[in-house]
Amino acid sequence: MERPLVSVIIPCYNCIKYVEEAVMSIVNQTYQNMEILITDDYSSDGTYEILKKLAKLDKRIKLYRNQKNEKIIETLNKMIHKSNGKYIARMDSDDISVLTRIEEQVSFLEINSDIDFCGTNCIHINNKGIIIAHKEFPGKSQQIQKLIKYGNIFAHPTIMIRSVLLKQCRYNPEFIHAEDYELWCRLIYEKKANAVNLQKYLLKYRVTKGQISQKYETEQKEHTAKIMEKYSVTDMSDIEIHKMIFCTINSKRVIQFDEIRDYIKVVYEDIKKIEFNLSYPFMAKLLLFLRNKCIKLFMYYLFTPIGIRTTLKRIRTKLI
């Protein structure tokens, strides 16, 4: 069977510490029929010099450089326009793709012609490459259509999408810092696209201080609420719940409701048995309940197994 061309697009900006490892994780993929589009967004830390060296090592690398810092949305859209593959795969300049990632995603999309794009689960690593968490996402298309109304349930750098669809849509610059969530909602609710998350850990996602998701959390929250309203993915009451999902304990710590779910997993050995009861709406309500308590009690409920058990016993029957 002919192996279709895949365009891997990698935007880069001031990522000198990690960019070589990230690019080489794509170069060394078991799937080889690729073009690797890399755009340096006018870095000032030597990233571009490293990229020039890497481009000389592999003819599949097509290196570009913006003449000014154009930010990620414009950079991504330019690479989408230049891509030639049947599929477009996202990759970030500080993450690491498992060596079989591209092959497994291509194989899945080739077999499942009704699926328009797919992500994967991912492993969270710190700035030293040490594993700190495993992140799972809803797998089936039906689950995704139901749960995306409560927030982004794709890891952006794990996405592979049919290029004909992405070239039609692209990223919307109106939703900076939430451009990926807006695109998924537009594809699913307007274009009626089908999407899944492969239940395999095919990317090591680097979690560092100063990431976009941490620096611009407030803007992301506001834009996400606008996206939910724009595409009528849920009613206004759920949008108000969404706005309250992020709860600031202090200036350095932000708790998201999916983190509470991780703590609850410690209490329950078999999370699947209560999967239905621990749905996203329930978790949002749980967070709202805890938010109304004083900070000390909130911290107690969040970070101690006894506190979690007590909370669930008191409110599960009331909230579900």
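Tutor: Let us start with Cys185, which is buried at a relative accessible area of 0%, where buried means under 20% relative accessible area, exposed over 50% and partly exposed in between, with a 1.4 Å probe and protein chains only. Cys122 is buried as well, with a relative accessible area of 1%. Please keep in mind that this is a predicted model, in which local features need pLDDT of at least 70 and side-chain atom pairs count only at pLDDT 80 or more, while totals for chains, interfaces and linings use all residues. Residues are numbered from 1 along each chain as its sequence is written, and side-chain values use heavy atoms, with hydrogens and water left out.

Student: How many disulfides does a search of the whole structure find?

Tutor: In general, a disulfide is a covalent bond between the sulfur atoms of two cysteines. In a model one looks for a pair of cysteine sulfur atoms within 2.5 Å, and here the search of the whole structure finds zero.

Student: Which residues have the most contacts inside the largest nonpolar core?

Tutor: The general idea is that, in soluble globular proteins, nonpolar side chains tend to be buried together. A nonpolar core is taken as a set of buried Ala, Val, Leu, Ile, Met, Phe, Trp, Tyr and Cys residues joined through side-chain atoms within 4.5 Å. In this model the largest such core has 34 residues, and those with the most contacts inside it are Val6, Val8, Ile10, Val23 and Ile102. The largest share of this core, five residues, comes from α1, helices (H or I, at least four residues) and strands (E, at least two) being DSSP runs numbered from the N terminus. Apart from this core lies another, of 32 residues, among them Leu37, Ile73, Tyr171 and Met228.

Student: Where do the buried residues of α2 fall when seen down its axis?

Tutor: The buried residues of α2 are Thr47, Tyr48, Ile50, Leu51 and Leu54. Seen down the axis, they fall within an arc of 155°, so they line one face of the helix; the arc is that of the directions from the helix axis to the C-beta atoms. The face turned away from this buried side carries the exposed residues Lys53 and Lys56. The buried residues of α2 pack against β1, α1, β2 and β3 (61-65), contact meaning heavy atoms within 4.5 Å.

Student: How far apart are Ile88 and Leu166 in sequence and in space?

Tutor: Ile88, which lies in strand β4, is 78 residues from Leu166 in sequence and 8.0 Å from Leu166 in space, C-alpha to C-alpha.
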